[in-house]
Amino acid sequence: ALPQLADSDGRVHTSYNQAVTSTGRLSSSEPNLQNIPIRTEEGKRIRQAFIASEGCRILSADYSQIELRVLAHLSGDPVFCDAFSNDEDIHTRTAAEVFDLLPGLVTSEMRRQAKTINFGVIYGQSAFSLAKQLGVARKVAEDFISTYKARHAGAMQYLDSCIATARELGYVTTLLGRRLPIPDIGSQNFTVRGYAERNAINYPIQGSAADIIKQAMINIDSHLKREGLASRLIMQVHDELVFEVPEDELIRMEQVVEHEMANAVPCRVPLKVDISYGSNWAEAH
């Protein structure tokens with residue numbers, strides 16, 4: 001479908017929607033460039049079609065584990081804050097805690113399971129659902145969750161406070177003070193209320209991540225204008241910014257983008273940015 005949408009110069013232009021998603025993240029349409037798979041061979045082949053102009057490179061800058069870093073900042077959870085402040089791999093650390101091992105003994109499969117646990121527990125996944133996703137017994141998943149909650153009491157208290165705030169005010173807020181309504185938090189329907197409670201937890205984290213990357217986009221745009229750089233922001237895909245950069249600006253752009261994304265908002269843990277570049281979007285990832 002993409003070649004049919006290209007203009008006379010062979011360029012594809014998406015539309016970004018500011019107020020479509022409930023969390024405030026930008027969405028992309030006609031075509032949707034945010035749903036191209038990243039780990040499949042087909043997705044890599046599609047990304048190879050996004051080619052930099054002659055004399056330029058595609059530069060990709062991606063926030064690393066932004067939602068967990070946002071949670072660490074909002075909750076002040078000491079385990080999360082310590083891990084991120086010391087630049088530890090958070091999923092390896094979680095695996096070491098859940099499986100009661102030294103970090104050096106954590107296998108790639110254990111790390112994968114820990115990653116699932118990190119996001120599952122935070123966003124209210126049930127033991128039944130987690131067990132199914134991990135391929136373990138329900139009792140094992142229950143033990144994972146109880147161990148995790150005990151280790152991350154600070155984060156759990158913050159998430160509980162989000163639900164309490166939504167019940168009291170009917171909304172939750174993001175890091176930069178944007179209100180996100182939770183109208184069904186008082187519903188008598190158990191399923192509807194449960195969904196609203198998960199949103200009360202989800203929205204401040206994902207909404208704050210949206211705030212951060214939007215602030216970074218604004219700051220980078222101002223910086224490019226201030227220095228008179230020819231580089232251009234051409235795509236935003238969730239936690240990733242994609243630029244078309246003249247080759248003689250690559251080194252400077254790495255510095256500018258990393259600095260502005262890492263310092264978009266004051267945060268009690270470092271905002272880590274992974275930057276790479278290539279002749280097309282697949283190479284730059």
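Mentor: Let us begin with a definition: a charge sits over a ring if NZ of Lys or CZ of Arg is within 6 Å of the ring centre and within 35 degrees of the ring normal. Please keep in mind that this is a predicted model. Here the charged end of R47 sits over the ring of W281, at 4.2 Å from its centre.

Trainee: How many aromatic pairs does the structure hold?

Mentor: The structure holds three aromatic pairs. One of them joins F50 and W281, with 5.2 Å centre to centre and 75° between the planes. Planes over 60 degrees apart count as edge-to-face, and the pair of F50 and W281 is edge-to-face.

Trainee: Which parts does the pair of F50 and W281 tie together?

Mentor: F50 belongs to the loop between α1 (41-47) and β3 (56-63), whereas W281 belongs to the segment after β8 (273-278), so the pair ties together parts that are 231 residues apart in sequence.

Trainee: Is F50 buried or exposed, and is W281 buried or exposed?

Mentor: Buried means under 20% relative accessible area. F50, at 15% relative accessibility, counts as buried. W281 counts as buried too, at 0% relative accessibility.

Mentor: Another aromatic pair is formed by F99 and F144; this edge-to-face pair has 5.3 Å centre to centre and 75° between the planes. F99 lies in the loop between α4 (90-98) and α5 (108-122) and F144 in helix α7 (residues 138-151), so parts 45 residues apart in sequence are tied together.

Trainee: At what relative accessibility does F99 stand, and at what relative accessibility F144?

Mentor: F99 is at 23% and counts as partly exposed, while F144 is at 9% and counts as buried.

Methods
Residues are numbered from 1 along each chain as its sequence is written. This is a predicted model: local features need pLDDT of at least 70, side-chain atom pairs count only at pLDDT 80 or more; totals for chains, interfaces and linings use all residues. Side-chain values use heavy atoms; hydrogens and water are left out. Rings of Phe, Tyr and Trp (its six-membered ring) pair if their centres lie within 6.5 Å; planes under 30 degrees apart count as stacked, over 60 as edge-to-face and the rest as tilted. Helices (H or I, at least four residues) and strands (E, at least two) are DSSP runs, numbered from the N terminus. Buried means under 20% relative accessible area, exposed over 50%, partly exposed in between (1.4 Å probe, protein chains only).
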